[in-house]
Amino acid sequence: MGSALDHLGRFARPAQQILNVLAAGPRVPSAIRREVDSRCGVDLGPGTLFGTIARLERHALIEVVAAPAAPRAYRLTVLGAETLEAQLAAVARKAPASVPAANRSPAR
């Protein structure tokens, strides 16, 4: 079984990163970009950032926050939060089980 974001193809990884950032609350694209870079060490280029935002919005995973001023801010939708939760659960299932005590290096 694939992950919850596989339908986004090459945009699945940046989508997960953006959804993770938006889980903390609404952000404008420049703040999303800075936070993804800070958290993940990934500098999303404008094409990837806005291409991913467009796909997430088209799939109803994020939405524009109604505000009179520009730039637009985005937030997770209920579907987006559920999708992020499913994605993180899939990642957790793929992670190796904890290393047995005999294989751990001694604490220093």
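Predicted model: local features only at pLDDT ≥ 70, side-chain atom pairs only at ≥ 80, totals over all residues.

**Entry 1: the whole chain**

I went through the secondary structure and noted 4 helices and 2 strands. Read from the N terminus, the order of elements is α-α-α-β-β-α. I then checked the contacts with a separation of 6 or more, and 48% of these join residues 24 or more positions apart. For the surface, I have an accessible area of about 6,800 Å² for the protein chain, with 56% of that belonging to carbon and sulfur atoms.

**Entry 2: how H1 is covered**

Next I turned to H1, which spans residues 12-22. Here 9 of the 11 residues are buried, so H1 is largely enclosed by the rest of the structure. I wrote down the buried ones: Ala-12, Pro-14, Ala-15, Gln-16, Gln-17, Ile-18, Leu-19, Val-21 and Leu-22.

**Entry 3: H1 against H2**

I looked at H2, residues 29-40, alongside H1: their axes come within 10 Å and cross at roughly 105 degrees. An angle of 65 to 115 degrees counts as roughly perpendicular, and H1 and H2 are therefore roughly perpendicular to each other. On the H1 side of the contact I found Gln-17, Ile-18, Asn-20, Val-21 and Leu-22, and they meet Ile-32, Glu-35, Val-36, Arg-39 and Cys-40 of H2. Sorted by type, the residues of this contact are 6 nonpolar, 2 polar and 2 charged. Gln-17, Ile-18, Val-21 and Leu-22 are also among the buried residues of H1.

**Entry 4: H2 against H3**

My last stop was the pair H2 and H3, whose axes come within 11 Å and cross at roughly 115 degrees. That makes H2 roughly perpendicular to H3. I also checked the hand of the crossing, and it is right-handed. H2 brings Pro-29, Ile-32 and Arg-33 to the contact, while H3 brings Pro-46, Leu-49, Phe-50 and Ile-53. The tally for H2 with H3 is 6 nonpolar, no polar and 1 charged.

Note on methods: Residues numbered from 1 in each chain as written. Heavy atoms only, no water. Axes fitted to C-alpha atoms, helices over the stretch in contact; angles between N-to-C directions. Parallel < 35°, antiparallel > 145°, perpendicular 65-115°, else oblique. Contact = heavy atoms within 4.5 Å. Nonpolar A, V, L, I, M, F, W, Y, C, P; charged D, E, K, R; others polar. Areas by Shrake-Rupley, 256 points an atom, 1.4 Å probe, with all protein chains shown as cover. Buried < 20%, exposed > 50% of the residue type's maximum accessible area, 1.4 Å probe, protein only. Left-handed = near helix turned anticlockwise from the far one by under 90°.
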